[in-house]
Amino acid sequence: MSKGKVKSEEINKTIRAEDNWEPVGPTPMPEISDLRRWDMRLLNTYKPFYAPFCDLCCFCTYGKCDLTGEKKGACGINISGQQGRWALMFSLMGCSAHGAHARHLVDYLIDKYGEDYKIDLGGQVAVEAPHMRTVMGLKPETLGDLRKGIEFVERGIIHGVSATHMGQEGSSLDFESKSLHIGMLDHVVMEVADIAQTIGFKFPTSVAETPLSGLGWGAVDKSKPVVTCVGHNAAVATVMIDQLMKMGIYDQVEVTGICCTAHDNIRYSDKAKIIGPLSKQLFFLRTGIADLVLTDEQCVRCDIPELAKATGSALIATSDKISYGLDDVTHKEVDEIVRMITQEGKQVLIRDVDKAGEVAAKVLPIVAKGRKKEIATKEKATELAKECKQCGLCDRVCPNLLNISDATADVRDGKFEKMADLFAKCVGCGKCEQECPKSIPIITIMQAATAWDTFNIRVGRGPIQDVEIRKVGAPIVLGTIPGIIAIVGCSNYPEEAEEVVEIAEEFAKRKYIVVLSGCAAMAAGMKKDAEGKTIYERFKPDFDAGGVLNVGSCVANAHITGAAMKVANIFAKLPLRANYEVIADYILNRVGAVGLAWGAYSQKAFCIGTGCNRMGIPVVLGPHSAKYRRLYLSRKEEDDWTVMDGRKKELINTEEPSPEHLSIVVESKERAIITMAKLCIRKNDTAQGRQLKLNHYISLYKQHMGTLPDDLQNFVRNDKDIPIVYKKEVAEYLKNVGWKPKPLLTLPTLIGTYESNIPIDAVVK
Amino acid sequence: MSLPLHYVNVLTGLKGCRVIEDAQALGKIIKKAERPLLVFGPRCIDIDLGGKKAIEYGIELAKALGAATCATAHTKKKLLECGVTPDSAYDAVEIINHLKDPNWKGVKKLGNHDIVMFLGMRTDFGNQGLSTLKHYAPHLKTITLCPYVYPHASFSLANMKADKWKEYLENLVKSLK
């Protein structure tokens, strides 16, 4: 795209175009429509599938407007446009949350260390920021460079938000293109955030085998003073831990966390503990085990001040994103704030990281004194449940459609089995309680029903090492490592969280590379085998076949997608610099990676997934994600699967729907497993690789569906692709369905199948 | 229109389902179909109605009507165990995506379906899929056979207890024979 002279000069200056680490590619610091043609090419195959949550548009004072049928709103928008607008808004919300998080970290660290503070991710990570390199064309060297990444994304966000205003964008496809753009930017700021905290807080990096850390509400020693950090930003917690050490009392307290701050706390100190994913936030805070609750940002309940008050826990809010209407005491002296909290019982907002950390450390031993922490006993729970009349109102409001009234009635009769099962499936919202006409504290009752076990989780390791990519690059691209399975996202699971463990284990046993992050990484650690070991203790922590890795918190997701980019760069020698279209095309056609967000709930998860989609990584979502309203689906054999053979420079109709979808919701764990195995298939697979991938697809399909896959003919290109173990059976099946061999490719690419400035030779190395 | 059992499915709009309280009346509507399709969701595998699984009622209904069948999620295996080979097996959103296209050939390659019945899906997931069809498939009618009000369906059962539902399904099958 042509840019004005001034703008081009500005970009060249920002990315230091004269640096010759790689030639500057075609799209340095792309604006919102610079990759639009790539998006439209993707959307031509993977069309948006909309499932409107609301039939109405309520955005402006013309409304409410009914958008059913052929009806348009007063502004002219139709139902698809409105769904596309929602998709863009979700992406913007998600990207903004990560972006503001990154901004806070980088500003804080620049203030502390200066903008020339060097990025050093250890000897094993030379390609330090694949997203910044690929998207912006900048090889960041300092904190100041990371700030450039944020400024670039902030500019994109403003443009994106402007398009959602009424009377602006109206085309669903253009909304989707913008949403994809914002998704791409999201991975840039996630990368910025995690690099910043890794170098600023000295998290582990260039190490595969990070230590194990305590996990689970049972892991907390409640006889000690307990602080619980809730959210996604560990800046304050790191200062607090330092201060506790300085005071010589770190060993005498428990630093715990819920959600991603907990991940980052254990990266800072493996003595810290993770209580669990966000679905256990209400449950744990209700126990009152936390003497002090420290909130930061993202995925933090809006009613924590009430919860803390009810249990007598002290509360310090530390982010201007979640101020709770509390008194801002940032300007006061530390001792004065400590006095206000410990003597007046005040809940406060402290917006200064260092001050908040120091206050938290000083307050903790004082507020813990004399507090009683009594977990509800079975007798107490039975007493609380006595009032239940089984009116069923709790069942009606449960977002996970659980049968709460039956479980509560059983507790009333002294039976806890159903309640324990319910707790395993509970997403932790508490809506059942507020609906109950008898005000039965159902979440409190769960304290008596759950096992208070202790688990182990591997500390998040941050970036994938370049040496690992060198080792697995070829097997991934050739297909002999059948795929990268990224299990990510929140804990809004349709059934027990244990399903995450089962899925991860299934693929690890089959020698896929299994990478986890965020709440999913926590859920994966919450099941032990007969020997008492969690998945992190049973599988190696390497980015290699059969490895099970935890990269860290939500923002560490950028390292998973970054690993796919590194395959293109380190293995295939494709330049990353400002070369997004080529790299995304490479990943789409040659890197068998698939994401699973089984319990996605947030706009951040939506945005992360959208960013994956733009770079060619399909995402499988759990059933709750139907409420995101938008998927990207193909129509299998009915769509056009023509690609360019990059070496022969010929258009070839492959007739092969791979990957079949970019974003799909499935209803059951079994279907998720089958779908993920299938979505790892890529057009570039060698015969050996395809055999292996089909072997897993067939085996899983037979296990869960009872037959050979009924779309098998779509993925067998010739006889050599047929797995030996199923040879006879498959050959007979193919004969019956009238299968014919498909054309073979030497180098599949979408470049050349649509109008683009990218020459086909750009994908050939 | 009645409220759905699960409030997560409350309609925000004007165009809601018609609740059919009487199984015979629903039978009459279904019988008018030229190319009916019954979509099985995974919950019908486990729901027990006095010793008989919901999936078995679905099979009886499809047989009585001569309806085409589609197994979603992992229901195919159970259908095979019940002696039924489904005409198709898709993810739920895949079959819905196909149904949106009036020119789609249908699971039996005889043309797109005119009435699509759903049995055994999560209500929230199902209602979202029905929303897609309400908005993008005006050429077909949707019917839900589970004991919950589905606001986005064309025709839905009322919210009812298991015993009433069993009775309803039995009467519905009878009315189709």
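How many Å separate the centres of domain 1 of chain A and domain 2 of chain A, taken over C-alpha atoms? I looked this up first. The centres lie 32 Å apart. I note that this is a predicted model.

**Entry: domains of chain A**

I went through the domain bounds next. Chain A is split into domain 1 (5-200), domain 2 (217-368), domain 3 (378-449) and domain 4 (455-763). I then checked where domain 1 of chain A meets domain 2 of chain A. Seven residues of domain 1 touch nine residues of domain 2. On the domain 1 side, helix 3 (residues 79-113) of chain A gives the largest share, six residues. I sorted that side of domain 1 by class: four residues are nonpolar, three are polar and none is charged.

**Entry: chain A as a whole**

I counted the secondary structure of chain A. The chain has 28 helices and 22 strands.

Does the radius of gyration of chain A agree or disagree with that of a compact globule? It agrees, because a compact globule of 765 residues would have a value near 27 Å and chain A has 26 Å.

I checked burial. Of the 765 residues in chain A, 60% are buried. Among contacts in chain A with a separation of 6 or more, 76% join residues 24 or more positions apart.

**Entry: Lys573(A)**

I picked out Lys573(A). Where is Lys573(A) placed? It sits in the loop between helix 23 (557-571) and helix 24 (580-590) of chain A. Is Lys573(A) buried or exposed? It has 8 other C-beta atoms within 10 Å; exposed means 12 or fewer, so Lys573(A) is exposed. I then followed one pair across the sequence. Lys573(A) and Lys765(A) are 192 residues apart along the chain, yet their C-alpha atoms are separated by 6.9 Å.

**Entry: chain B against chain A**

I turned to the contact between the chains. How many residues does each chain bring? Chain B brings 34 residues and chain A brings 35 residues. I asked which helices of chain B take part. Helix 4 (75-81), helix 5 (92-99) and helix 6 (123-136) of chain B each give at least two residues to the side that touches chain A. Helix 6 of chain B has the largest share of that side, eight residues.

Technical notes
Residues numbered from 1 in each chain as written. Chains lettered and ligands numbered in written order. Predicted model: local features only at pLDDT ≥ 70, side-chain atom pairs only at ≥ 80, totals over all residues. Contact = placed C-beta atoms within 7 Å. Helix = DSSP H or I, 4+ residues; strand = E, 2+ residues; numbered from the N terminus. Domains from an automatic or database assignment. Nonpolar A, V, L, I, M, F, W, Y, C, P; charged D, E, K, R; others polar. Buried ≥ 20, exposed ≤ 12 C-beta atoms within 10 Å, placed from the backbone. Rg over C-alpha atoms; globule rule 2.2 N^0.38 Å.
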